[in-house]
Amino acid sequence: MPSLNFIKNVGPGALVAAAFIGPGTVTVCTLAGANFGYVLLWALLFATIATIIFQEMSGRLGTIAQKGLGEALRESLQHSIWRWPLFGLIALALYGGNAAYEAGNLSGAALGVSAILSGPSDVSFTWTILSIATVAGLALWRGSYRQVERLLMVLVLFMGVAFIGTFVVSQPDLSAFAHGLFTPTLPDDSLITVVALIGTTVVPYNLFLHASAAKARWQGEADLPAARADSVISIGLGGLVAMFIVSTAAASLFSRGLGASSAADMAIQLEPLFGSFSKYLLGAGLLAAGLSSSLTAPLATAYAITEIINPKAKIRELIFRSVSLSVLIVGVVFALSGAKPINIIIGAQFANGLLLPIIAAFLLYTMNNKALLGKHTNGMLANGLGALVFLVSVGLGVRLVLKSLSVM
């Protein structure tokens, strides 16, 4: 049956969606709704469309060329005199960005525990970070992360369904919802939140993760329609959940003049449907999402760097494990730096938003390599849409830097 075949093939796109519906997304979307109401929904619509565009390219690369993005970049640039500086830039950007993202994942999981325990505690926060890092480290070293991820993805999915249900029950202002979705505006002090919303949805490391997963899942042109359907449906649903989170926060917090500075505050938006159980649901969801994402960020970094440097087979596994574990360790250091968990999460998504143009440029370059993809290279529409996303992300990043320097 076609429907059963599709369900069987769902994988890379669902993995990407689960990766970006992490603690960063829940936190950033909640803050966007609590602080600005519905007016920043357009940024999520843009980010969701951008994610579908870029992840389709990444999935097509893995399906048709049977190569990961890092491997494709290495082969495309092998005769360029700039290859090693460019490889160094990619590796440094990915490593630094993912280490920051990892700190946000761990902090988000610890926020979940604080919600369950009814209040933050420095001791519980530290022990939660160390405990989660230990579990993630063992899973990465032993290669047992796939079994752990299956369970965690189910919990993250349940949290997503909870927000959808709450969206219906909270009766959001549909007129304001539509206006915010289709009318781009930038209220005062919203630029960092806009960049963070884009960074938490169009996650640069997912481009590497998706290509490698598609390479393992599908083989050749015959599988391309299934790969595209997987990307569009899975990522589209993930973007919709993110919009619902913004809307529930707008209806439950912004409309009542409430802020969100803790996990307990964030749980208020689920109260219309779940009442006093809300904090436990949000806490378990953040914990699951944080632990799940704490595996994918180091894995994606290890895939990318291993594919780029192409080490000999006998040391390949050692390098892969060393890179993934080092990203986890640096993330732990950042998470325990003393900064507020919500600030760490916002900063990580912001860093992702600034990293996006660099990775997007390399992806567009790779997707126009006829020697690699033949007739499946980008057409004018794909290049035009990709260039638009690139220019918007660059423009937002430049404007933010200039504003921080008091130029604008």
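Mentor: Gln66 sits in the loop that links H4 to helix H5 (69–76). The model is a predicted one, and in it the phi angle of Gln66 is near 55 degrees, a positive value in a residue that is not glycine. Most residues other than glycine have a negative phi. With a relative accessibility of 28%, Gln66 counts as partly exposed, because buried requires a value under 20% and exposed a value over 50%.

Asp189 belongs to the loop between helix H9 (174–182) and helix H10 (191–201). Its phi is near 65 degrees, again a positive value in a residue other than glycine. The relative accessibility of Asp189 is 64%, so Asp189 counts as exposed.

Helix H4 covers residues 41–65. Thr48 is one of the residues found in H4, and its relative accessibility of 7% means that Thr48 counts as buried. Which residues does Thr48 touch, if those up to four places away in sequence are not counted? They are Thr201, Ile235, Gly236, Gly239 and Met243. Of the elements named here, helix H10 spans 191–201 and helix H12 spans 224–252. Thr201 therefore falls within the range of H10, by the helix runs as they are numbered.

H4 also packs against another helix. Two packed helices are described by the angle between their axes and the distance between the axes. The partner is helix H11, residues 204–217. The axes of H4 and H11 come within 7 Å and cross at roughly 35 degrees, and the crossing is right-handed. On the H4 side, the residues in contact are Phe54, Gln55, Ser58, Gly59, Leu61, Gly62 and Thr63. On the H11 side, they are Asn206, Leu207, His210, Ala211, Ala214 and Lys215. Sorted by class, this contact has five nonpolar, seven polar and one charged residues.

Trp218 lies in the loop between H11 and helix H12 (224–252). Is Trp218 buried or exposed? Trp218 is buried, because its relative accessible area is 1%, and the limit for buried is under 20%. Gly62, which belongs to the H4 side of the helix contact, has its C-alpha atom 7.9 Å from that of Trp218, although the two residues are 156 residues apart along the chain.

Phe320 lies in helix H16, residues 313–335, and is buried at 16% relative accessibility. Leaving aside neighbours within four places in sequence, Phe320 is in contact with Leu299, Ala302, Tyr303 and Thr306. Ile309 lies in helix H15, residues 278–309, and counts as partly exposed at 39% relative accessibility. Ile309 and Gly88 are 221 residues apart in sequence, while their C-alpha atoms are 9.9 Å apart in space.

These pairs may be read against values for the whole chain. Among contacts between residues at least 6 apart in sequence, 85% join residues at least 24 apart. The secondary structure comes to 19 helices and zero strands. Of the 408 residues, 55% count as buried. The chain exposes about 16,900 Å², and carbon and sulfur atoms supply 68% of that area.

Finally, a word on confidence. The mean pLDDT of the chain is 79, and 84% of its residues reach 70 or more. Over residues 1–10, however, the pLDDT is below 50, and this stretch has 10 contacts in the model beyond near neighbours in sequence. Where pLDDT is low, the predicted coordinates should not be read in detail.

Key: Residues are numbered from 1 along each chain as its sequence is written. This is a predicted model: local features need pLDDT of at least 70, side-chain atom pairs count only at pLDDT 80 or more; totals for chains, interfaces and linings use all residues. Side-chain values use heavy atoms; hydrogens and water are left out. Helices (H or I, at least four residues) and strands (E, at least two) are DSSP runs, numbered from the N terminus. Buried means under 20% relative accessible area, exposed over 50%, partly exposed in between (1.4 Å probe, protein chains only). Contact means heavy atoms within 4.5 Å. Accessible areas come from the Shrake-Rupley method with a 1.4 Å probe; for residues, only the protein chains shown count as cover. Axes are lines fitted to C-alpha atoms, for helices over the stretch in contact, and angles run from 0 to 180 degrees between N-to-C directions. A crossing is left-handed if the near helix is turned anticlockwise from the far one by less than a right angle, and right-handed if clockwise. Ala, Val, Leu, Ile, Met, Phe, Trp, Tyr, Cys and Pro count as nonpolar, Asp, Glu, Lys and Arg as charged, and the others, Gly among them, as polar. pLDDT is the predictor's confidence in each residue, from 0 to 100.
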